[in-house]
Amino acid sequence: MAQQRTPRTGAVFLDPRGEDRSLRVTWHQESLLVVLSLWRDNVCAGTFRLAADEVPDLIALLRRGLDDAYDAARERVERSSPQAG
């Protein structure tokens with residue numbers, strides 16, 4: 001039986017809802033792909049193949065979302081902090 005090669009670059013992100021839910025991200029350099037896979041109870045429930053040249057767009061989207069979240073949190077803190085003066 002042929003063995004699958006495990007990609008050297010990847011990560012697993014656990015879902016805060018628990019129940020053994022996770023997102024696995026693996027780079028497949030030979031195919032110029034990033035594979036995003038959803039797992040539950042150690043069973044793959046689905047995959048999405050993202051072309052490597054589309055990764056910068058995904059990163060930019062995630063970065064904008066994170067920047068917006070930080071800005072909103074900073075505004076909440078500023079509104080709730082007593083004004084000096």
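Guide: Two strands count as paired if DSSP finds at least two bridges between them. Strands are DSSP runs of E, at least two residues long, and helices are runs of H or I, at least four; both are numbered from the N terminus. This is a predicted model, where local features need pLDDT of at least 70, side-chain atom pairs count only at pLDDT 80 or more, and totals for chains, interfaces and linings use all residues. Residues are numbered from 1 along each chain as its sequence is written, and side-chain values use heavy atoms, without hydrogens and water.

Visitor: Which residue in β2 stands opposite Leu14?

Guide: Ser22 does. β1 and strand β2 (residues 21-28) run antiparallel, joined by 5 bridges. They form a hairpin with 6 residues between them. Gly18, in the turn, has a positive phi of about 80°.

Visitor: In what order do the 4 strands form the sheet?

Guide: The order is β1-β2-β3-β4, in an open sheet with antiparallel pairing. β1 (10-14) and β4 (43-51) stand at the edges with a single partner strand each, so one side of each has no neighbour in the sheet.

Visitor: How many bridges pair β3 and β4?

Guide: Strand β3 (residues 33-40) and β4 pair over 8 bridges, in the antiparallel sense. Trp39 stands opposite Cys44 in β4.

Visitor: Is Leu62 buried or exposed?

Guide: Buried means under 20% relative accessible area, exposed over 50%, partly exposed in between (1.4 Å probe, protein chains only). Leu62 counts as exposed because its relative accessibility is 55%. Leu62 is found in helix α1 (residues 55-80).
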